[in-house]
Amino acid sequence: MNVEKEFYRMMATQTEIALATCIASVPNVRIVNFIFDEEKKLIYFSTFGDNEKVKEFETNNEIAFTTIPHMGNEHVRARGVVRKSERTIFHLAEVFSKKIMGYANTIEQVGENLVLYEISFTSANVVLNFESADVIEL
């Protein structure tokens, strides 16, 4: 298995991550759409600024995530740090819209209310199936 190649393929084709936070020893997880910037090695996602997860990020910016496979078991999972991006959803609107069906409508309708966040991480577990998994360093 070429771990790096499989990592980039999954990050380009899978559209959702389960994003986990932990505040006062209480875990919380939610599903968010994402894009991955290969050059910057960052995951981007958007959310409403008054969302509960935003408050959680401000309290503890350490997160974990796993991509959500829509076929088979292949996925990427990692731990990282989340922060509010200096960019906006409008900077990445074209990329989001190409990857995620219907996202252009979301941006058009509520884009002014969306805050863009980014996740940085240095390594990830790449799982193709129950017998084939490895770690990639970014």
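Visitor: Why is Gln 14 called buried?

Guide: Buried means under 20% relative accessible area. Gln 14 has 6% relative accessibility, so Gln 14 counts as buried. Keep in mind that this is a predicted model.

Visitor: Where does Gln 14 lie, and what does Gln 14 touch?

Guide: Gln 14 lies in the loop between H1 and E1. Leaving out residues up to four places away in sequence, Gln 14 touches Phe 34, Thr 67, Ile 68, Pro 69, Glu 74, His 75 and Lys 99.

Visitor: What makes the pair of Gln 14 and Thr 67 a polar contact?

Guide: A polar contact needs N or O atoms within 3.5 Å. The side chains of Gln 14 and Thr 67 make such a contact at 2.3 Å. The side chain of Gln 14 also reaches the backbone oxygen of Glu 74, at 3.0 Å.

Visitor: How do you know that Arg 9 and Glu 74 form a salt bridge?

Guide: The cut-off for a salt bridge is a nitrogen to oxygen distance within 4 Å. For the side chains of Arg 9 and Glu 74 the distance from N to O is 2.9 Å, and the pair is a salt bridge. Arg 9 is in helix H1 and Glu 74 in the loop between E5 and E6, so the definition of these elements places the partners in distant parts of the chain, 65 residues apart.

Visitor: Is Arg 9 buried, exposed or partly exposed, and what makes it so?

Guide: Exposed begins over 50%, and buried is under 20%. Arg 9 has a relative accessible area of 31%, so Arg 9 is partly exposed.

Visitor: What makes the pair of Arg 87 and Asp 37 a salt bridge?

Guide: The limit is again 4 Å. The side chains of Arg 87 and Asp 37 meet at 3.8 Å, N to O, and form a salt bridge. Arg 87 is in the loop between E6 and helix H3, while Asp 37 is in strand E3, 50 residues apart.

Visitor: What does the salt bridge of Arg 83 and Glu 118 tie together?

Guide: The two side chains meet at 2.5 Å, N to O. Arg 83 lies in strand E6 and Glu 118 in strand E7, so this pair ties together parts that are 35 residues apart in sequence. Arg 83 is called exposed because its relative accessible area is 52%, and exposed means over 50%. Glu 118 counts as buried because its relative accessibility is 5%.

Visitor: How many salt bridges does the structure hold, and which residues are joined into one network?

Guide: The structure holds six salt bridges. Through shared partners, Glu 6, Arg 9 and Glu 74 are joined into one network.

Visitor: How do you know that Lys 53 has no salt bridge?

Guide: Look at the distance to the nearest side chain of opposite charge. For Lys 53 that is Glu 56, at 8.3 Å, whereas a salt bridge requires a distance within 4 Å. The place of Lys 53 is in helix H2, and Lys 53 touches Arg 30, Val 32, Phe 45 and Thr 47, not counting residues up to four places away in sequence.

Visitor: What makes E8 and E9 a pair of strands?

Guide: Two strands pair if there are at least two bridges between them. E8 and E9 have six bridges and run antiparallel. They form a hairpin with two residues between them, and Asn 129 stands opposite Ser 132 in E9.

Visitor: How do you know that E6 and E8 pair?

Guide: At least two bridges are needed, and strands E6 and E8 have three, in the antiparallel sense. Arg 77 stands opposite Asn 125 in E8.

Visitor: How many bridges join E1 to strand E2?

Guide: Eight bridges join these antiparallel strands. The bridge partner of Leu 19 in E2 is Arg 30. In the hairpin of E1 and E2, Ala 24 takes a positive phi near 50°.

Visitor: Which residues have the most contacts inside the largest nonpolar core?

Guide: This core has 27 residues, and those with the most contacts inside it are Phe 7, Leu 19, Ile 43, Phe 65, Ile 119 and Phe 121. The largest share, five residues, comes from H1.

Key. Residues numbered from 1 in each chain as written. Predicted model: local features only at pLDDT ≥ 70, side-chain atom pairs only at ≥ 80, totals over all residues. Heavy atoms only, no water. Helix = DSSP H or I, 4+ residues; strand = E, 2+ residues; numbered from the N terminus. Core = buried A, V, L, I, M, F, W, Y, C linked by side-chain atoms within 4.5 Å. Buried < 20%, exposed > 50% of the residue type's maximum accessible area, 1.4 Å probe, protein only. Lys, Arg positive; Asp, Glu negative; His and termini not counted. Contact = heavy atoms within 4.5 Å. Polar contact = N/O pair within 3.5 Å; in protein donor to acceptor, adjacent residues only side chain to side chain.
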